[in-house]
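Dear colleague,

I am passing on the structure below, followed by an account of what was found in it. Please read the account alongside the model.

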Amino acid sequence: MGHVIVGTAGHIDHGKSSLVRALTGTDPDRLPEEKRRQITIDLGYAFLDDVAAIIDVPGHEKFIHNMVAGASTIDYALLVIAADDGVMPQTREHLHILRLLGIRFGAIVITKIDCVDSSHVVGVKDQIRNSIRGTFLVNAPIFEVDSLSGWGVSDLRVFLVTELPKLPVRSSQKALRIPIDRVFSVRGHGTVVTGTVLSGTIAKDMRVEILPGSVQSRVKQLQSNMSERSTIGPGMRVAANLASVDSLTRGQTITSPEALTVARKVAARVESLQSTVAKLRDRQRVRCLIGTQEVMGRYRVLARHKEYDIALLLLDSAIVTVWGDRFILRNYSPVETLGGGIVLDIDPMLKRLRDRTGQIEALQDMRDQDDDKGLLSWIKSRSNGVHLKYAAQVFGLSESLVADRIQQSLAEWLFCGKWIMHRSHVKLLESKLLAAMQRLHESSAVPSIVQLAQLVPAVHIDVLSGIVSELAANRSVILDGSRVLLPGADAVGDPRLRDIVVCVMERLSSSGFTPPSAAMLAVELQKPRSEIERALVLAVRQNMATRLGNDLFFERDAFARALAATKDMITKRGSIQVADVTKHLNSSRKYVVPFLEYLDSVGITERRENFRVAGRNFKSSE
């Protein structure tokens with residue numbers, strides 16, 4: 001069975017469907033409206049023996065979104081040009097789209113050769129050569145055919161059957177990815193979806209996940225080229241009968257459970273088309289066509305260069321993508337192709353504008369790299385470290401493959417469980433922690449690792465623990481049970497503060513989730529504010545209180561009850577707002593907002609506009 005996807009491209013009424021019919025014996029126009037109007041509206045499919053699957057795309061400008069959905073999965077393009085018309089507007093637009101999608105192989109077919117004389121064909125060929133200059137088709141073979149009589153079709157067919165098996169094979173080691181391009185129901189069987197296996201392998205009885213939406217299912221049956229199969233690999237068309245699912249649509253992706261992730265923010269390298277009237281502008285609304293998905297979004301320029309932009313796509317709805325995916329951008333209205341690009345990062349953690357220079361440079365460095373170098377550069381750009389699972393999802397790999405590639409330059413990385421951080425970031429974080437510990441010791445505080453984590457909330461505690469362990473191995477710090485000391489620091493604290501600590505904790509305990517500030521406590525207890533502040537720090541050190549911000553301390557049990565209540569609300573409702581937590585805790589925004597921001601920072605919650613949902617570290621049993 002072939003592992004190549006061939007796609008047609010070209011202007012409307014240039015004979016793409018007739019060519020597919022002549023090559024395969026299959027009519028790719030399946031819709032009644034297509035047959036009535038004699039134009040292709042949606043994607044059509046046929047098979048060239050066991051050599052390749054052919055996707056026939058519409059040529060009308062109104063159906064470019066369908067054309068991109070088909071072209072985004074092909075390996076080999078057939079640019080079809082009618083001899084009587086020559087190169088037309090959609091010929092050029094389709095050629096631009098193929099180039100922007102990174103298609104590397106193809107051929108040119110001049111159809112309707114019976115409608116013109118030989119001198120006219122010579123002129124059409126000259127026109128074609130001018131149009132393909134500087135594209136991947138510049139050295140492509142040109143075939144002349146008459147699809148209705150069959151003249152010239154056999155030569156094209158022999159060429160395809162001979163050359164297509166020589167094309168590079170897609171990876172079976174990467175995660176399973178099947179962008180859905182068709183959904184329908186079969187009586188007695190249920191939901192059937194079709195698509196192209198971009199990578200990985202799908203098997204009968206396999207558990208799969210459909211994203212976006214996180215729908216779980218089982219593969220009941222598989223077909224390719226009208227034959228039932230137990231497994232189907234990369235570069236093949238597939239029809240999958242899925243168990244217990246409905247309401248699936250084109251644009252979703254079939255994958256293995258938890259192998260991929262979704263995103264609404266994408267960093268990319270974007271090339272604008274110079275031939276269009278409209279140009280890509282900062283903050284403009286665009287249509288993003290990626291795989292079989294089409295979503296609206298806003299275009300934000302991070303850095304502008306002569307030939308390309310480094311930009312953000314802020315999308316209205318979630319998409320499924322991985323590093324290196326190609327996409328097309330079209331104007332919102334009037335609909336026109338503006339350009340296209342390549343995905344460099346998913347949900348990038350960009351800092352404030354004035355601090356972004358290094359991150360933008362890292363994105364620029366990744367634009368032309370291969371998978372291995374791109375992976376290492378991407379992980380290095382993550383200053384807070386990255387989990388193996390997330391790295392695997394962003395690159396469409398397995399965790400073991402990510403770990404293997406890191407092992408090749410192991411000295412550059414710190415491994416903390418399944419977390420990875422580049423040594424350049426480790427060094428900066430070590431300096432920050434040692435300086436913070438010095439300040440804490442000066443106020444009689446001896447922090448635990450959990451309390452140190454509050455000083456760098458964006459860094460996962462597993463990473464912090466690994467860094468502290470290295471510091472201890474180098475004798476830069478001393479581990480005293482759960483506490484971390486600098487060499488020579490006093491682990492006992494100031495006994496004169498003990499009475500004040502007792503009074504402070506009684507007041508914090510009675511206040512619930514509306515604790516008084518240090519200034520208020522100083523007035524109530526008639527003590528100097530400096531002593532109150534030292535007592536509060538000592539309470540945190542002794543794990544009696546939790547600190548959020550400079551002057552916000554919660555009694556430990558009150559904080560734990562608030563955390564449990566918040567997680568319980570999310571478990572039951574799915575999402576919460578500040579007002580929900582404020583009411584439930586009988587508190588106010590003054591306390592609830594920093595509390596939720598802290599939960600966001602450690603991954604227990606995740607903010608989505610005005611709502612909070614379960615984050616990456618959410619565990620309902622905590």
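**Findings**

Among contacts in the protein (heavy atoms within 4.5 Å) between residues at least 6 apart in sequence, 65% join residues at least 24 apart. Please bear in mind that this is a predicted model, in which local features need pLDDT of at least 70 and side-chain atom pairs count only at pLDDT 80 or more, while totals for chains, interfaces and linings use all residues. Residues are numbered from 1 along each chain as its sequence is written, and side-chain values use heavy atoms, with hydrogens and water left out.

As for the protein as a whole, the C-alpha trace spans about 105 × 55 × 45 Å along its principal axes, and there are 19 helices and 30 strands, taken as DSSP runs numbered from the N terminus (helices being H or I with at least four residues, strands E with at least two). Of the 622 residues, 53% are buried, where buried means under 20% relative accessible area, exposed over 50%, and partly exposed in between, with a 1.4 Å probe and protein chains only. The protein exposes about 28,300 Å², of which carbon and sulfur atoms supply 49%; accessible areas come from the Shrake-Rupley method with a 1.4 Å probe, and for residues only the protein chains shown count as cover. The mean positions of the 80 positive and 69 negative charges are 4 Å apart, counting Lys and Arg as positive and Asp and Glu as negative, without His or the chain ends, and placing each charge at NZ of Lys, CZ of Arg, CG of Asp or CD of Glu.

Helix H4, residues 89-100, has 12 residues and reaches 17 Å from its first C-alpha to its last, close to the 16 Å expected, a span defined as 1.5 Å times one less than the number of residues. Buried residues in H4 include Leu95, Ile97, Leu98 and Leu100, and also Gln90, Glu93 and His94. After H4 comes Gly102, with a positive phi near 80°.

Some backbone details deserve a separate look. Most residues other than glycine have a negative phi, and most peptide bonds are trans. Asp49, in the loop between strands E2 (44-48) and E3 (52-56), has a positive phi near 50°, and this residue counts as partly exposed because its relative accessibility is 41%. Asn225, likewise not a glycine, has a positive phi of about 55° and lies in the loop between E11 and strand E12 (227-228). The peptide bond from Leu211 to Pro212 is cis, with omega near -10°, and Pro212 is placed in the loop between strands E10 (207-211) and E11 (215-224).
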